[in-house]
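Hi there,

Here is the structure I promised to pass on. Have a look at it first, then read my notes below.

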Amino acid sequence: MNTNSNSNNNERLTRPIYDVPEPKIVSRVLMASVGLLCKFWLGFNTVTVHNGDLLTQQVEKTHKERNPLITVCNHISNLDDPICWGILPVNLICNASSARWTLGASNILFSNQLRSKFFELGKCIKIVRGDGIYQEGMTEVIDRLTEGQWLNIFPEGRVNQSGSLLYFKWGVGRMVAECFRKTGITPTVLPIYHNGLQHSMPLGQKAIPRPFQKLDIFVGETIDCEPTIKQFLFDNNLDNLDCLQGNEAKQKELYKNITTHIQDRFQSLESNSKNKLTLRERLEQHQHKIAGKNESPTFTSLLNQDDWRLLL
């Protein structure tokens, strides 16, 4: 590879972070109101958050240091965003500047002028399904990431209550690659798997949030995509990602590699999370059988030890 590659990356790393304008007051009021409402609604459910401190730390870091953050979530109901963010501390919920940006389908969230204005104020970016990964909305998404902001996406592309993940769309790969190309900084990718909201708003039934559900939110470890990008550059004898401009086939190959890497890590989180949910279910059945005895093991200790023998 050309020795100029390191200097090119260093130049990117020294670029100043873009100034990010403060949200309008209407947007601040809306974001705080919706966030507090979500926190209030979660209070009517049994919510268990696993590794939630990491999410709080990453959101705070993104806001303070302008380090771009992408949270990737499974999409099991139309409540997922913003309900899941009700787990964040109140100071973050009420701060529109640190709130996430997200994507919204044009035919649902932007179907008329009133809805469009509402969701724009709620930091939603319009995406037209079927227009691919080079559409105008994707350009805006990448701009927000290069500013060092937080973006939440559902890479499956639609609500999926089948119980099995769909293939992730390549758009997430383009977001990561373009942010790196423009700034030299790879966004932090944080996977979040959650379960239970599919019972709060089942598909095919009235779109009314149903409380009193058992909800679990699992925050995984951060995913580093920079080695995937650098390996691609090395394999193709490229100095930097600017060399891919005009070569759509190679660009898509890179986007696919990044997306596959993210999905592989997400599936590991999903598998571990489902194992813990199964363990809890077996424990609850076990506790019903030995109700009244003081020596029954706690769910927390079982999760930490993964001691399945206690349930046999």
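"Lies across" here rests on contacts, meaning heavy atoms within 4.5 Å, and the angle is taken between N-to-C directions on a scale from 0 to 180 degrees, with axes fitted to C-alpha atoms (for helices, over the stretch in contact). Helices (H or I, at least four residues) and strands (E, at least two) are DSSP runs numbered from the N terminus.

Before you go further: this is a predicted model, where local features need pLDDT of at least 70 and side-chain atom pairs count only at pLDDT 80 or more, while totals for chains, interfaces and linings use all residues. Residues are numbered from 1 along each chain as its sequence is written, and side-chain values use heavy atoms, leaving out hydrogens and water.

Now the sheet. What is the order of the seven strands? It goes S1-S7-S6-S2-S5-S3-S4, in an open sheet with mixed pairing; two strands pair if DSSP finds at least two bridges between them. S1 (46-50) and S4 (124-127) are the edge strands, each pairing on one side only. From one strand to the next, the twist averages 25°. Within the sheet, S2 (residues 69-73) and S5 (residues 150-153) run parallel and are joined by four bridges, and Leu69 stands opposite Trp150 in S5.

Leu69 turns up again around Thr188: leaving aside residues up to four places away in sequence, Thr188 touches Gln58, Asn67, Pro68, Leu69, Ile70 and Thr222. Thr188 itself sits in strand S6 (residues 188-195). Is Thr188 buried or exposed? Its relative accessible area is 15%, so Thr188 is buried (under 20% is buried, over 50% exposed, partly exposed in between, using a 1.4 Å probe and protein chains only). Its side chain also makes a polar contact of 3.1 Å with the side chain of Asn67; that term means a pair of N or O atoms within 3.5 Å, where within protein one must be able to donate a hydrogen and the other to accept it, and residues adjacent in sequence count only if both atoms are side-chain atoms.

Overall, the protein has 12 helices and seven strands.

Cheers
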